[in-house]
Amino acid sequence: MSHVALIELAFKSIELMAEAAASLGGKLVCGQETYKWYGMWLNDYHANEAAVTQGVNPKTFGKCDHAIVFPRCQYEVGVVRNKDGSYKMIYDNYIGGGGLEKVCGKGLSKLTQNYGVKLGHQTLKKRGFKRKLKETTLPDGTIRLEALK
Amino acid sequence: MSKGCIIDVKPNGEIEVKPQGYSGPECLKATREIERDLGEVESRDKTADYRKEPEKQAREAQA
């Protein structure tokens, strides 16, 4: 192995996002332009991971291009299209996101990782790494995909 | 050695791509498209093999 590239995952595929949501029991609703949240911005949360801190205008809270709905969760995940065509996921994390964090992990980590795994499988096949494709979970929770050309 | 690729998807969503069986700059070329498909490269660390393999090949070519 001669180099290791660290990559920030980009959400570009709605289809894979739907698959990742489905693997956790959720459903991506295409064209749903609002997502459920507390409903009112109280200007009381400015942590690093807060949407406001990351440049999201509070006036747009609750608005999205698509939404991901999980049964028994009070709130929903909004899927918002960026100017470059990629997407970001947004949710209200107050009291665990109304159950979302229990299903999707804090910061939607499980949903993000599932998307990454599905994208990884797709990419390996697309780029010709189709032999002996193997998926294993490492002790730290990392999911490893390996394949040969 | 067979040419392969390892993709590690971390619990925080970060991804590491590790080409296998490539030597030197060839590995960068081999995985550039994969990296582009997955997202934006934050960093790229060359391992000792990156320098070792081309040197070995050069020595073999001279012999």
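From the N terminus on, the elements of chain B follow the order β-β-α-β-α, which amounts to 2 helices and 3 strands. Helices (H or I, at least four residues) and strands (E, at least two) are DSSP runs, numbered from the N terminus. The model is a predicted one, in which local features need pLDDT of at least 70 and side-chain atom pairs count only at pLDDT 80 or more, while totals for chains, interfaces and linings use all residues. Residues are numbered from 1 along each chain as its sequence is written, chains are lettered from A and ligands numbered from 1 in the order in which they are written, and side-chain values use heavy atoms, with hydrogens and water left out.

Of the 63 residues of chain B, 38% are buried, where buried means under 20% relative accessible area, exposed over 50%, and partly exposed in between (1.4 Å probe, protein chains only). Chain B has an accessible surface of about 3600 Å², and 44% of this is supplied by carbon and sulfur atoms; such areas come from the Shrake-Rupley method with a 1.4 Å probe, and for residues only the protein chains shown count as cover. Contact here means heavy atoms within 4.5 Å. Among the contacts in chain B between residues at least 6 apart in sequence, 21% link residues at least 24 apart.

Chain A holds 3 helices and 7 strands, arranged along the sequence as β-α-β-β-β-β-α-α-β-β. Its C-alpha trace spans about 50 × 35 × 30 Å along the principal axes. In chain A, 44% of the 149 residues are buried, and the accessible surface is about 8200 Å², with 52% belonging to carbon and sulfur atoms. Among contacts in chain A between residues at least 6 apart in sequence, 53% join residues at least 24 apart.

We turn next to the interface. The size of an interface is often given as the accessible area lost when the parts come together. Between chain B and chain A, about 3400 Å² is buried, 55% of it from carbon and sulfur atoms; buried area is the accessible area (1.4 Å probe) that two parts lose on being put together, summed over both. On the chain B side, the most area is lost to chain A by Val9(B), Pro11(B) and Asp37(B), together 18% of what that side buries. The contact involves 40 residues from chain B and 35 residues from chain A.

The largest pocket has a volume of about 1400 Å³. Of its 44 lining residues, Glu49(A), Ala51(A), Gln54(A), Met89(A) and Ile90(A) are the closest to the centre. A pocket is, on a 1 Å grid over the protein atoms alone, an open set of points where a 1.4 Å probe fits, with protein on both sides within 12 Å along at least five of seven lines; lining residues have an atom within 4 Å of a point. The lining divides into 22 nonpolar, 10 polar and 12 charged residues, and its largest share, 4 residues, comes from E5(A).

Strand E5 of chain A also contains Ile90(A), which counts as buried because its relative accessibility is 9%. Beyond neighbours within four places in sequence, the contacts of Ile90(A) include Tyr35(A), Ala51(A), Val56(A) and Phe61(A). Thr112(A), in helix H3 of chain A, is likewise buried, at 12% relative accessibility.

Conventions. Points joined across faces, edges and corners; volume = space filled by probe spheres on them. Nonpolar A, V, L, I, M, F, W, Y, C, P; charged D, E, K, R; others polar.
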